[in-house]
Every structure is written in structure tokens, then in C-alpha cells.
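Trainee: I would like a close look at one part of this model. Please keep it brisk.

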Amino acid sequence: MTGLFLALAGCGAIGTPVIVAERTAVGEVEIVAMTANSIAAANASTYQPRTLPAIFARTTGTAGSTTGFGALPEPPVAEERRPTGLSTRIPPQIDPGPYRLGAGDIITLATPESANTVEALTGLLAAQSRRLGYTIQDDGSISIPDIGRINLGGMTLQEAESEIFSAMVDQDMVPNFSLEVSEFNSKRVTVGGAVQSAAILPITVSPLRLAEALTAAGGIDTEDLDYASIRLYRDGTMYQIPLETYLKTPSIQRLILTDGDSIYVDTEYELDRAQAFFQQQITVNSLRQQARANAISQLNSEIGIRRAELDEARANYAQRIQLDAVERDYVYIAGEVGQQSRFTLPFERKASLADALFSEGGGVPNASGNIGEVYVLRGTGDGKGIRAWHLNAYNAANLVLATRFELRPNDVVFVSEKPLTALSRVMGEVAASVRLLGI
């Protein structure tokens with residue numbers, strides 16, 4: 001009987017896998033105790049989890065433009081029914097500040113005329129100067145011979161003089177000149193309606209006031225003071241000043257206008273045009289509602305198609321994963337575990353030893369697994385050996401280390417068997433051999 005046991009042991013039939021620090025076929029095996037410090041070193045190795053395809057980050061959204069009903073008809077000018085009283089909506093006061101040059105303004109640069117000796121001595125050119133006009137271009141610049149382009153757009157006259165002065169000094173020229181605006185074209189106010197003559201008025205260095213603008217248009221031409229009003233459109237907002245209020249209020253007459261203001265003196269209330277306007281507004285609103293419904297329907301159809309495309313692409317990718325046709329990273333679980341298996345490292349995050357051991361591995365069986373002999377086998381960086389990270393979890397507190405230890409592709413998780421389990425298996429093999437030999 002003893003001879004048979006030694007024979008079985010000698011032929012390896014009862015041998016069980018163990019982790020030993022020695023030289024093996026894959027190089028030297030180094031065993032490192034798993035501690036907080038050693039885990040930090042193990043986790044320091046470079047590894048980026050695989051990412052999911054972009055289709056998993058996309059949403060159907062509302063990309064793409066939807067078409068509605070098309071262009072809607074332009075409504076006529078809004079006409080008011082003759083009211084019982086006109087409301088007053090006065091625009092806020094503004095501070096125009098100093099005039100700033102803009103595209104279209106023409107500035108005049110005056111420099112002294114050169115004179116010969118006789119003219120200079122007789123003083124014939126004492127009051128003469130050369131005056132040249134320059135139009136500010138769309139980019140805000142002017143071009144002066146012998147100096148070049150100078151950007152003056154948005155500058156005050158004082159700032160423009162300083163800019164030209166510096167440019168002349170840079171060109172070694174005597175900066176003896178004067179500057180003025182000969183034509184103001186960049187800022188304008190329009191006046192129309194019940195005035196003598198519709199006009200487009202420039203804004204100059206002096207603020208343009210409401211009374212001055214109406215006077216420049218020839219004054220208000222109406223006898224209906226009860227229902228006449230001055231309407232001022234500014235930045236998309238309409239302000240209304242009843243004519244009676246305007247005539248009685250000096251502060252309103254002194255309102256400062258700004259670039260883009262449009263003044264319209266309104267005195268007529270044609271009921272047939274008002275009726276046509278409201279009827280067309282009803283039609284326009286109906287068309288807009290129909291256009292919105294068409295647009296929403298088209299948008300829903302587009303979103304449905306895009307959602308179906310995304311679902312199909314994701315389903316195809318999931319099927320490829322099931323067929324193992326997608327390259328993945330794996331960890332291998334062996335030894336005394338609930339289920340020896342291949343653990344797939346997840347997308348877009350790192351997995352821990354605990355993830356692999358207690359999910360795919362099925363944990364460590366109490367009856368056979370040696371919780372004090374848990375190893376993670378990983379090749380060394382030079383490829384000449386194996387480093388075995390050893391977790392001794394007889395103290396259950398050490399299991400926390402398993403949740404911190406990050407796995408890398410091709411790691412091998414190995415759990416040794418208990419000594420009594422190994423002995424029991426040896427005795428089982430011996431008993432089987434005895435029965436086989438009929439002893």
C-alpha cells in the first residue's frame with residue numbers, strides 16, 4: 001500500500017498547482033505581498049480600457065433642419081381702429097457720448113501748403129493750406145499717401161488725430177495738420193409719414209433731437225391732433241407719443257435720437273385696411289400653426305429614423321460581441337474558485353480583483369478554496385518573468401485590497417486549495433487506484 005502511494009506521488013497524479021518563487025519555463029517567479037503600497041505600484045502600469053463605439057454616445061437629438069409650410073405672406077402695415085385714447089410709450093433717454101467715426105464718413109485732413117521763398121517772405125500763403133478728403137471704408141480705415149492705411153473706425157475725433165499723429169511720426173513726417181469731418185454718412189435717422197417731406201438725416205457731432213428731426217422734415221402735416229401720434233422704432237421696439245403730448249412736453253421734444261431710429265408720424269385710421277389686416281393675421285396664424293404641425297411631424301419622422309439606425313447599429317455591435325468577433329481584453333480565473341472562467345474587462349472603466357473573483361469566478365468556496373492563498377499573476381515589463389501578487393485574506397479586512405487592485409489584460413487570478421482538500425483528493429486517488437488494481 002505504501003509503495004503504491006509513493007508511486008502515485010512520484011508520477012504526479014496527486015500533484016496540485018502551487019505558486020512558488022523559483023525559475024520556471026516563463027522565467028523567474030517573484031512573489032509580492034499585496035499591501036496598500038504594493039497595490040499602488042501595480043496600478044501604476046499604463047492601461048486604458050477599451051471604449052464603446054461612438055454610436056453608444058449619440059442621441060437622436062434634433063439634428064437636421066425640418067421644413068415647414070414655406071414662406072408666409074407678409075402682413076400689411078398694422079392699422080389701428082380709432083381708439084378712445086392713445087397710449088404714451090416714450091423711449092428711454094440715451095447718452096450718445098462723443099461722435100465716433102464710421103464707414104462712409106468723409107474726413108478732411110488739412111496740412112500747410114509748401115511755399116517758395118518769395119511767397120513765404122511776403123506772407124501770401126500764411127492763411128492757405130492743403131485740404132484732402134478721405135472716405136472711411138467698410139473696414140474702418142483710410143489710406144493716406146506716404147503714410148499708408150490707418151484704421152479710424154469707431155474712434156472719436158481726438159482719438160483719430162492721435163492715431164494720425166503717431167502714423168506721421170513713424171514715417172518721419174512733421175505732424176502738422178488739422179482734422180475735421182466734412183460729411184457725416186455713417187449714422188442716420190429716417191423720418192416719414194405725415195410730414196412735409198420724408199427725410200434721411202445724418203447724426204453729427206451735435207446730438208440730433210426729436211424736434212430737430214421733425215423740423216428738418218418740414219414739420220408735422222396734420223390737422224387731426226386728437227388721433228395723430230409720433231411712432232419711433234428703435235432696435236425692434238415701437239414707441240408711441242401722442243401728438244398732443246409731444247406738443248405739450250418740452251422734455252419729449254428734446255429726446256436724443258440714435259443711429260437707426262425710424263420716426264413715423266401716423267394720422268390715418270382706415271377701417272377697411274384694419275379689417276383686412278386682422279383678417280390676414282388670422283390667415284397667417286392658421287398657416288403658422290399648420291406649418292408647425294408639419295414641421296413637428298417631419299421632425300418626429302426624422303428622429304424615428306435616426307433612432308432606428310442607432311438601435312440597429314447598437315444591436316449589431318452587441319451581436320458581434322456575443323459572437324466573440326470584437327477584440328476585447330480578458331483576465332483568466334483558475335484554481336479553487338466557484339467557476340474557472342475567462343473574465344472580460346469592461347468598457348471605459350477599470351476592473352478590480354474583487355470584480356473578477358466574485359462575478360465570473362463565483363467567489364472562493366469555503367470547503368476547498370484557500371482564501372489565504374489568492375494570487376494575481378502578471379508578466380514583468382521586460383517579459384522575462386512573472387510577478388505574483390499575493391493576497392492573504394484570512395483576515396477578512398484584507399479583502400478591501402481586492403477592491404483596490406486593478407486588473408490588466410492577460411492577468412491570471414489563481415486561488416490555491418486548502419491543505420486538507422489536497423490530502424482528501426490524494427486519498428481519493430489512492431482509494432481509486434486500489435479499487436482499480438483489486439488490492
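Trainee: Where is the place of Gly148?

Mentor: Gly148 sits in strand β6, residues 148–151. This is a predicted model: local features need pLDDT of at least 70, side-chain atom pairs count only at pLDDT 80 or more, and totals for chains, interfaces and linings use all residues. Numbering runs from 1 along each chain as its sequence is written, and side-chain values use heavy atoms, without hydrogens or water. Strands are DSSP E runs of at least two residues, helices H or I runs of at least four, both numbered from the N terminus.

Gly148 has a relative accessible area of 26%. That makes Gly148 partly exposed (buried is under 20%, exposed over 50%, partly exposed in between; 1.4 Å probe, protein chains only). Leaving aside residues up to four places away in sequence, Gly148 touches Ile142 and Ser143 (contact: heavy atoms within 4.5 Å). Ala167 is 19 residues from Gly148 in sequence. In space, their C-alpha atoms are 8.4 Å apart.

For context, turn to an open sheet elsewhere in the listing. Seven strands run in the order β1-β2-β16-β15-β17-β13-β14, with mixed pairing (two strands pair if DSSP finds at least two bridges between them). Its edge strands are β1 (23–24) and β14 (341–344), each pairing on one side only. β13 (330–335) joins β14 in the antiparallel sense, over four bridges. There, Ile333 stands opposite Ser341 of β14.

Helix α2 (36–43) buries Ser38, Ile39, Ala42 and Asn43. The buried residues of α2 pack against β2 (27–33), β15 (369–379), β16 (385–391) and α10 (399–404). On the face turned away from that buried side, α2 carries the exposed Asn37 and Ala41.
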